[in-house]
Amino acid sequence: MRILNNIRLKGFLQAFERESRIVMEKLDQLHEALHNLQFEGKMSLGKNIYTVEKIAQYLKNRYVQHIELDEKVIFPFVK
């Protein structure tokens with residue numbers, strides 16, 4: 001049973017690290033798009049706004065999923 005728990009924990013940690021890496025990449029992309037929005041001017045305005053909205057929507061969806069997971073799985077054990 002202990003080995004099975006270790007395998008589950010390792011799987012969870014790998015998934016967490018992968019998710020963290022993806023979110024950090026998206027935040028870097030968001031930072032770059034916001035920087036471009038500020039300095040590239042009107043020629044690239046539509047492209048930069050689209051990029052910011054796309055990344056913000058992705059992050060919002062990931063955040064909502066984590067909130068739901070926390071509410072269902074983690075918080076019942078905290079109470």
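In which helix is Phe16 found? Phe16 sits in helix H1, where helices are DSSP runs (H or I) of at least four residues, numbered from the N terminus.

Before going further, a word on the model. It is predicted, so local features need pLDDT of at least 70 and side-chain atom pairs count only at pLDDT 80 or more, while totals for chains, interfaces and linings use all residues. Residues are numbered from 1 along each chain as its sequence is written, and side-chain values use heavy atoms, with hydrogens and water left out.

**On the surface**

Phe16 counts as exposed because its relative accessibility is 51%; exposed means over 50% relative accessible area, buried under 20%, and partly exposed in between, with a 1.4 Å probe and protein chains only. Together with Phe12 and Leu13, Phe16 makes a nonpolar surface patch of about 330 Å². Patch members have over 30% relative accessible area and no salt bridge, and nonpolar side chains are joined within 5 Å. Leu27 also lies in helix H1, which covers residues 2–39. With 37% relative accessibility, Leu27 counts as partly exposed. The C-alpha atoms of Leu27 and Ala56 are 9.0 Å apart, although 29 residues separate the two along the chain.

**Inside the fold**

The largest nonpolar core has five residues: Leu30, Ala33, Val52, Ile55 and Leu59. Such a core is a set of buried Ala, Val, Leu, Ile, Met, Phe, Trp, Tyr and Cys residues joined through side-chain atoms within 4.5 Å. H1 and helix H2 (45–78) are the elements that give two or more residues to this core, and H2 provides the largest share, with three residues. Leaving aside residues up to four places away in sequence, Leu30 touches Val52, Ile55 and Leu59; contact here means heavy atoms within 4.5 Å.

**Charged pairs**

How many salt bridges does a search of the whole structure find? There are two, each a side-chain nitrogen of Lys or Arg within 4 Å of a carboxyl oxygen of Asp or Glu.

| Salt bridge | Closest N and O atoms |
|---|---|
| Arg62 and Glu19 | 2.8 Å |
| Glu40 and Lys47 | 3.9 Å |

Arg62 forms its salt bridge with Glu19. Arg62 belongs to helix H2 and Glu19 to helix H1, so this pair ties together parts that are 43 residues apart in sequence. Arg62 is partly exposed, at 23% relative accessible area, whereas Glu19 is buried, at 14%. In the other pair, Glu40 is partly exposed, with a relative accessible area of 34%.

Note on methods. Patch = residues over 30% accessible without salt bridge, like charges linked within 9 Å, V, L, I, M, F, W, Y side chains within 5 Å. Areas by Shrake-Rupley, 256 points an atom, 1.4 Å probe, with all protein chains shown as cover.
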